[in-house]
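Here are my notes on this model, point by point. Please read them with the structure open.

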Amino acid sequence: MSIASANTNMRGPAGFRNLLEGLAREVLREQPTDVVAFAAQYFQKLLEQREAGGVDPVAWGAMLED
């Protein structure tokens, strides 16, 4: 069975790819049994780091993608 697809070029927001790659790397490293809970904790930690004045991983990832 084939699925017809349009030739659309979708682009995610700046830094999104880098953010997801970081999550994927940590999931592969930790091998959590509950990936959704792990992802929630991972993103919560990133948010806390950003709010504490640390590096914003999305802004940093956007610079890498350019």
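1. Start with Glu26. This residue sits in helix H1. The model is a predicted one. Is Glu26 buried or exposed? Glu26 counts as buried, because its relative accessibility is 19% and the cut-off for buried is under 20%.

2. Next, the surroundings of Glu26. Setting aside neighbours within four places in sequence, Glu26 contacts Gln31, Phe38 and Tyr42. Two of these partners, Phe38 and Tyr42, belong to the largest nonpolar core. Gln31 is treated next.

3. Gln31 deserves a look at the backbone. Its place is in the loop between H1 and H2. Its phi is positive, at about 50°, although Gln31 is not a glycine. Most residues other than glycine have a negative phi. Gln31 counts as exposed because its relative accessibility is 54%, and exposed means over 50%. So the contact between Glu26 and Gln31 pairs a buried residue with an exposed one.

4. Now the two helices. How do H1 and H2 lie relative to each other? Their axes come within 11 Å and cross at roughly 125°. The helices are therefore oblique to each other. The crossing is right-handed. On the H1 side, the contact is made by Leu19, Gly22, Leu23, Glu26, Val27 and Glu30. On the H2 side, Val35, Phe38, Ala39, Tyr42, Phe43 and Leu46 make it.

5. Then the core. Which residues form the largest nonpolar core? There are seven: Leu19, Leu23, Val27, Phe38, Ala39, Tyr42 and Leu46. Helix H1 (16-30) and helix H2 (35-51) are the elements that give two or more residues to this core. H2 gives the most, with four residues. In soluble globular proteins, nonpolar side chains tend to be buried together.

6. Leu46 links several of these points. Leu46 is a member of the core and is part of the contact between H1 and H2. Not counting residues up to four places away in sequence, Leu46 touches Leu19 and Pro57. Leu19 is also a core residue, and it lies on the H1 side of the helix contact.

7. Last, the annotation. UniProt lists residues 14-51 as "domain: RIIa", in an unreviewed entry. In the model, this span is 84% helix and 0% strand. The C-alpha atoms at its ends lie 19 Å apart.

Technical notes: Residues are numbered from 1 along each chain as its sequence is written. This is a predicted model: local features need pLDDT of at least 70, side-chain atom pairs count only at pLDDT 80 or more; totals for chains, interfaces and linings use all residues. Side-chain values use heavy atoms; hydrogens and water are left out. A nonpolar core is a set of buried Ala, Val, Leu, Ile, Met, Phe, Trp, Tyr and Cys residues joined through side-chain atoms within 4.5 Å. Buried means under 20% relative accessible area, exposed over 50%, partly exposed in between (1.4 Å probe, protein chains only). Contact means heavy atoms within 4.5 Å. UniProt positions are given in the numbering used here, feature names are shortened, and annotations may be inferred rather than shown by experiment. Axes are lines fitted to C-alpha atoms, for helices over the stretch in contact, and angles run from 0 to 180 degrees between N-to-C directions. Angles under 35 degrees count as roughly parallel, over 145 as roughly antiparallel, 65 to 115 as roughly perpendicular and the rest as oblique. A crossing is left-handed if the near helix is turned anticlockwise from the far one by less than a right angle, and right-handed if clockwise.
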